[in-house]
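Hi,

Here is the structure I promised to pass on.

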Amino acid sequence: MSNKTPNFLTIPPSPTVDKVGVEERVARFQTRSIKNQSKEQGLKMVLNMIDLTTLEGKDTPGKVKQMCYKAQHLHDEFPGLPTVAAVCVYPSMVAIAKKEVQNSGVKVASVSTAFPSGQAPLSVKIADTKFAVESGADEIDMVISRGKFLTGEHNFVFDEIAAIKEACGVARLKVILETGELVTLDNVRRASDIAIYAGADFIKTSTGKIQPAATMQVTYTMLMAIRDYFDETGIMIGMKPAGGISTSKLALHNLVMVKEILGDAWLTNEWFRFGASSLANDVLMQILKTKTGVYQSSDYFSID
Amino acid sequence: MAKDQTTWEYAPAPEGTGHIKLNKKYNLFIDGKWVAPSSKKYFETINPATEEVLAEIAYANEKDVDLAVKAARKAYTNVWSKMPASERAKYIYRIARLMQERAREFAVIESLDAGKTIRESRDIDVPLACNHFFYYAGWADKLEYAFPNRKVESLGVAGQIIPWNFPLLMAAWKIAPALATGNTVVLKPSETTSLTALKLAEIIEEAGLPHGVVNIVTGYGDTGAAIVNHPDVNKIAFTGSTAVGKMIQKAIAGTPKKATLELGGKSANIIFEDAPIDQAVEGIINGIFFNQGHVCCAGSRLFVQEGVAEKVIRKLKQRMDSLYVGNPMDKNTDIGAINSKKQLETIKKYIQIGLDEGAEMYQSTCELPSKGYYCAPTLFLDVAQSSVIAQEEIFGPVLTIQTFRTVDEVIQKANNSPYGLAAGVWTDKGSRIFNLTTKLKAGVVWANTYNKFDPTSPFGGYKESGFGREGGVHGLSGYVKLS
């Protein structure tokens, strides 16, 4: 983990990003042909990188418990499957989730900082974060103040992230940029650099509440920021695309991108996550197909 | 770092070759028939990735070329020049559609014969070749709009000689505008890559094109010379080396033959400090390693502004290491095989010259297959403007890197070459792009991209990179007489 003293002035200028060039590069990742054992291995990695998520106003303890069970028992009929990486819930559900997944290796992640809008004063955001950590959250998914970012108050965004990082204590901090509201890839890149230099352990694309979310173009841009930071400092930062990745194919293309930009070292759930709710079942369906040769009805896979 | 790091490798994903049909032996396509060469000689065409023989190809001599030109003349006089332009267009459209239907077969054969990756032949060469036929088919009955207030006439018989780097695409670049403007054709593909041109002949047969409108004669340089020197050829279209281009110009001096020559290049790719660096790095990679560097407009001279040089070079090396070099038929291969043993030797010779000149070399850390002709992606640092490797066309995956400080300096250095085919400019600043595009002496200048081709866009060179334009409305003028 990093031992840096955050200082806004230490952030190097962010390179410009050419959208057309990014689209072209991303299209190349999508022409990679992933077959046979690479496909099977890749799909299992995907399962193991999922942050199984429920973030709704209507969440109940019962629903969270069901999801936590699924996180540890993805499809018991098929032995040898990994668990997901974490469950991701609101702070009020952290204690429940923590109890359900204890000793399974599955982490509990909690959104905080007035998720999803982030429209609250810093004191509330810090309290929100501390509550989640004290309830047992291993990881905190915070949102940045997009309004402040868009009006050019980048140092405000930086200071806020640094403050939340401090409130996290030992919990790992994922910083959600909400790229759908930042609009341009230049903004995505700048926000990534700010988050990384302010102390993010992970940078994350979206809340899942705003479209577009984790497009490959956006994830690519953020991965390049991680790459540059690693080359500069030797410190690894994690990446979490969230929202909109619901098929195995898209998930595998994301892995291809991580592998080719950051290398195999990032291909573990310590450094790469998918924030998704419906992806797991599609991956399970594909894995079973590699075994049986046929697709099974979606009724055979539990919906939580 | 993760302790027990797993690696995730891509399983082989070879494109199938079961669906293609290749003959053991190919004759010449003259006057709508497949005829044996009067020399009775055949030569082998091999797969440069495996060194296996793919087929035997007829070796045409002067007699065969004479037959082909006579057939083309007869077809021109009796049929093609008299046919209504809208009817000509239908034939060209038909060729385009038939090619499209058999795109996969063309892509596979192109990769087998030329060593280029299946990804490129499938996604670039073949679709572009089809599009050239579609595009020029559209012009056939609209020539008076291409040249307003002029009388447009065809020239007659066009002799066309094409290179081995984009065999099918170059055939399309040559044949499509010639047919659209009402000329007939004698085409000679390169001796190392005849197969897709011969496959195209099969399609021309299938399309029912009148006999003799397109003739394909295969062979070596002397076959090409016979076309150039034939007295009844009205126009020579050549794509290839500058040395041969000069020979052609000498040969046709004093004759009424028209010519368009698309020759070599040593194109500058210029990266400014404010460029989108990661996309520029992709552009450099694509500029020099596309088709193993066998590209006349390859961005083989890289100029990087001092402030970002270190970063760009570091990223370039990283990106080079992530390229998959190997079996061209694997869908995941980025860099395929060098087209021929001879070309590989040429490239190696230049790499040695670079080392002897004292430049610092970096090569991809990839493992090369033990069989076949391969060259690792290579770059040279600390290259001087006066270095041989920065002056001569290598036609392989070898990049030279120089740094610069000011705009004027880089314009001067970029233009300081006998060639002038293409250039690339990478900057976030629009005004700078326009400043450079007007001052760079190159037929094509790409801004924030490289190696982009489109049938609607003219292509051709300044200075020793040749003259005449191919593609777009400009591409018609090489095949018409205006009055």
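Below is what I found in it, topic by topic.

First, the ground rules. This is a predicted model, in which local features need pLDDT of at least 70 and side-chain atom pairs count only at pLDDT 80 or more, while totals for chains, interfaces and linings use all residues. Residues are numbered from 1 along each chain as its sequence is written, chains are lettered from A and ligands numbered from 1 in the order in which they are written, and side-chain values use heavy atoms, with hydrogens and water left out.

Let's start with the domains of chain B. There are two, with bounds from an automatic or database domain assignment: domain 1 covers 25–263 + 463–482 and domain 2 covers 268–447. Their centres, taken over C-alpha atoms, are 30 Å apart. Across the boundary, 29 residues of domain 1 are in contact with 32 residues of domain 2 (contact means heavy atoms within 4.5 Å).

Now the cores. A nonpolar core is a set of buried Ala, Val, Leu, Ile, Met, Phe, Trp, Tyr and Cys residues joined through side-chain atoms within 4.5 Å. Buried means under 20% relative accessible area, exposed over 50%, and partly exposed in between, using a 1.4 Å probe and protein chains only. As background, nonpolar side chains tend to be buried together in soluble globular proteins. The largest core here has 109 residues, and I95(B), M99(B), F133(B) and L179(B) touch the most other members. Helix α6 of chain B (residues 167–180) gives the most to this core, eleven residues. Both domains of chain B contribute residues, so the core lies between them. Apart from it there is another core of 95 residues, including I50(A) and Y197(A).

A word on naming: helices (H or I, at least four residues) and strands (E, at least two) are DSSP runs, numbered from the N terminus.

After α7(B) comes G208(B), with a positive phi near 70 degrees.

Over in chain A, T129(A) sits in helix α5 (residues 122–134). Is T129(A) buried or exposed? It counts as buried, at 0% relative accessibility.

- The peptide bond from F115(A) to P116(A) is cis, with omega near 0 degrees, and P116(A) lies in the loop between β3 (107–111) and α5 of chain A.
- The bond from Q211(A) to P212(A) is cis as well, with omega near -5 degrees.
- D31(B) is not a glycine, but its phi is positive, near 55 degrees; D31(B) is buried, with a relative accessible area of 15%.
- D382(B), also not a glycine, has a positive phi of about 55 degrees, and D382(B) counts as exposed at 62% relative accessibility.

Enjoy exploring!
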